[in-house]
Amino acid sequence: MDAFVIEGGRRLEGRLRVNGAKNAALPLMAAALLTDQPLTLRDIPPLADIRNMVALLGELGCSHEAPEDGVLRLQARDESRSHARYDIVRTMRAGICVLGPLLARRGEARVSLPGGCAIGDRPIDLHLRGLVALGATVFLKGGDIIAKAPRRRLKGGRVFLGGAFGSTVLGTANVMSAAALADGQTIIESAACEPEIVDLATMLNAMGANIRGAGSPRIIVEGVRDLRGIDHTVIPDRIEAGTLMCAAAITNGSLLLENCPLDALMAVSDRLEAAGVQMKALDRHGNPSSDPIPADVDPMRVTVRVASERVLRPVEITTQPHPGFPTDLQAQLMALLTLAEGNSVITEKIFPERFLHVAELSRMGARLFRQGPTVIISGVRRLVGAPVMASDLRASASLVLAGLAAEGTTIVNRVYHLDRGYHKMEDRLASVGASVKRVDDKELAPQLVAAE
Ligand code: EPU
């Protein structure tokens with residue numbers, strides 16, 4: 001298995017472009033099931049989850065082509081298939097987002113239940129509740145969800161998607177996609193407001209759907225009979241952008257991030273600035289702007305300089321549904337705050353068990369005290385390199401960040417978790433001055449390799 005060997009203590013400086021968003025791309029890809037015409041998606045990141053989704057769509061009768069880097073063309077050619085099997089869905093929870101499109105277009109769907117996940121329980125009751133409100137019958141058989149639309153067509157309805165931890169992002173994507181082809185009007189109340197939902201609604205509307213209110217908690221969908229093919233560019237990845245911001249800050253570096261979705265990162269820039277990180281957006285001419293987001297540029301594709309020259313101040317962070325602070329950046333901010341001067345507090349309100357990084361950061365000298373969903377981070381002067389491992393994507397990213405700042409060598413084991421969300425992170429960090437090498441763990445001394 002691959003591992004990263006990081007020699008810490010190097011200041012990052014340079015320019016990086018933020019890639020297209022994995023979490024936006026996955027439901028967009030599933031929308032290929034809503035039409036028999038071709039869907040061309042641009043700026044698709046070459047990640048394992050994307051490849052798994054291509055494979056899943058292939059099983060569901062979609063052909064695919066990748067005519068150039070970052071471009072993916074999908075077309076549903078055999079609409080008789082509707083079974084998303086466990087072997088594929090278990091590799092990627094987002095496989096669940098084929099459920100709504102399949103049901104809406106083919107009148108039936110059989111999708112394996114995704115199963116457990118390292119970041120905590122991942123129920124799908126809200127997805128199912130939403131589809132039932134559109135007239136579907138749903139039952140479980142042999143670990144699969146079997147859903148059917150009466151007379152092969154869903155019917156608009158009122159859907160409430162709020163749960164104990166807020167709304168559901170992929171559940172909203174599922175219900176909104178299904179409602180696009182249902183008979184009549186659907187009102188989704190307590191919809192997720194995440195930018196990935198806005199991107200999906202934008203693309204579906206360009207395909208001929210009639211969706212209003214995406215990005216707010218109330219989405220209204222007037223169902224249409226058919227959707228057509230489209231050419232769509234996916235939004236940049238706000239979580240990758242936030243991770244790179246932390247990389248600049250934790251190394252006291254200075255990174256110029258291009259294609260940065262600052263408009264979707266207000267809660268993150270607020271916390272980073274409160275901690276003392278400097279953020280400066282550039283205007284259309286490349287000059288530093290006095291506005292947080294200059295009026296003359298696309299707010300989702302800003303060029304911004306992120307820099308830090310000092311020891312950071314401690315801050316309090318609570319993760320929340322968008323536009324609050326994203327759970328997918330909680331682990332990375334924790335790594336950063338381990339080196340702040342004083343006590344920070346992080347409370348996780350979306351996935352209260354999402355703390356796989358806590359024990360590993362502690363092995364590097366961080367002082368962390370967890371009580372339930374809250375961690376107190378007592379800043380230390382330095383982190384010390386160590387062999388570490390985390391079995392989830394964002395936790396792994398936080399360990400890489402810690403390794404960049406730590407004294408000595410950090411080995412991050414099992415980087416396949418990281419590879420699920422970040423394309424060639426080692427090359428990108430090395431291009432701005434980090435010392436990060438990918439190695440096969442067979443090349444490492446046995447005591448540095450994570451045990452089973
Ligand atoms: N929830 C329910 N019932 C449901 C669905 C969700 O109770 O039917 C709960 C979850 O247990 C959680 C909360 O609602 O407490 C939010 O979960 P959500 O459904 O919004 O998560 P998701 O849609 O499955 C997406 C991202 C995650 C990200 C979450 C929250 C994708 C592919 N995944 O998951 O991304 O953490 O939204 O923003 O879009 C990641 O990229 O590392 C990642 C895990």
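Q: How do the residues of the shell around the ligand divide into nonpolar, polar and charged?
A: The shell around the ligand has 11 nonpolar, five polar and seven charged residues. Here Ala, Val, Leu, Ile, Met, Phe, Trp, Tyr, Cys and Pro are counted as nonpolar, Asp, Glu, Lys and Arg as charged, and the others, Gly among them, as polar.

Q: Before we go on, what kind of model is this?
A: This is a predicted model, in which local features need pLDDT of at least 70 and side-chain atom pairs count only at pLDDT 80 or more, while totals for chains, interfaces and linings use all residues. Residues are numbered from 1 along each chain as its sequence is written, and side-chain values use heavy atoms, with hydrogens and water left out.

Q: Back to the ligand, then. Which residues come nearest?
A: Of the 23 residues around the ligand, the nearest are Asp 125, Leu 126, Thr 168, Asp 328 and Ile 350. A residue is near a molecule if one of its heavy atoms lies within 4 Å of it.

Q: Which domains does the shell draw on?
A: At least three residues of the shell come from each of domain 1 (2-19 + 236-448) and domain 2 (22-233). Those bounds come from an automatic or database domain assignment.

Q: What lies 2.6 Å from an oxygen atom of the ligand?
A: An N or O atom in the side chain of Thr 168 lies at that distance. For Ile 350, a backbone N or O atom is 2.5 Å from a ligand oxygen atom.

Q: How much of the ligand does the protein bury?
A: Taken alone, the ligand exposes 820 Å², and the protein buries 91% of that. Such areas come from the Shrake-Rupley method with a 1.4 Å probe; for residues, only the protein chains shown count as cover.

Q: New topic: how many salt bridges does a search of the whole structure find?
A: The search finds 28 salt bridges. A salt bridge is a side-chain nitrogen of Lys or Arg within 4 Å of a carboxyl oxygen of Asp or Glu.

Q: Which residue forms a salt bridge with Asp 2?
A: Arg 438 does, and the closest N and O atoms are 3.0 Å apart. Asp 2 lies in strand E1 (residues 2-7) and Arg 438 in strand E24 (residues 435-440), so the pair ties together parts that are 436 residues apart in sequence.

Q: What network of salt bridges links Asp 2 and Arg 438?
A: The network links Asp 2, Asp 419, Glu 426 and Arg 438.

Q: What about Arg 17, which residue does it pair with?
A: Arg 17 forms a salt bridge with Asp 43, with the closest N and O atoms 2.9 Å apart. Arg 17 lies in strand E2 (residues 13-17) and Asp 43 in the loop between strand E3 (39-42) and helix H2 (48-59), so the pair ties together parts that are 26 residues apart in sequence. Arg 17 is partly exposed at 36%, whereas Asp 43 is buried at 18%.

Q: Where is Glu 196 found?
A: Glu 196 is found in helix H7 (residues 195-206) and is buried, at 6% relative accessibility. The side chains of Glu 196 and Arg 238 are joined by a polar contact of 2.8 Å. A polar contact is a pair of N or O atoms within 3.5 Å; within protein, one must be able to donate a hydrogen and the other to accept it, and residues adjacent in sequence count only if both atoms are side-chain atoms.

Q: Last one: is Leu 329 buried or exposed?
A: Leu 329 is buried, with a relative accessible area of 0%. Leu 329 lies in the loop between strand E18 (316-318) and helix H10 (330-337). The C-alpha atoms of Leu 329 and Gly 242 are separated by 6.8 Å, although the two residues are 87 residues apart along the chain.

Technical notes: Helix = DSSP H or I, 4+ residues; strand = E, 2+ residues; numbered from the N terminus. Buried < 20%, exposed > 50% of the residue type's maximum accessible area, 1.4 Å probe, protein only.
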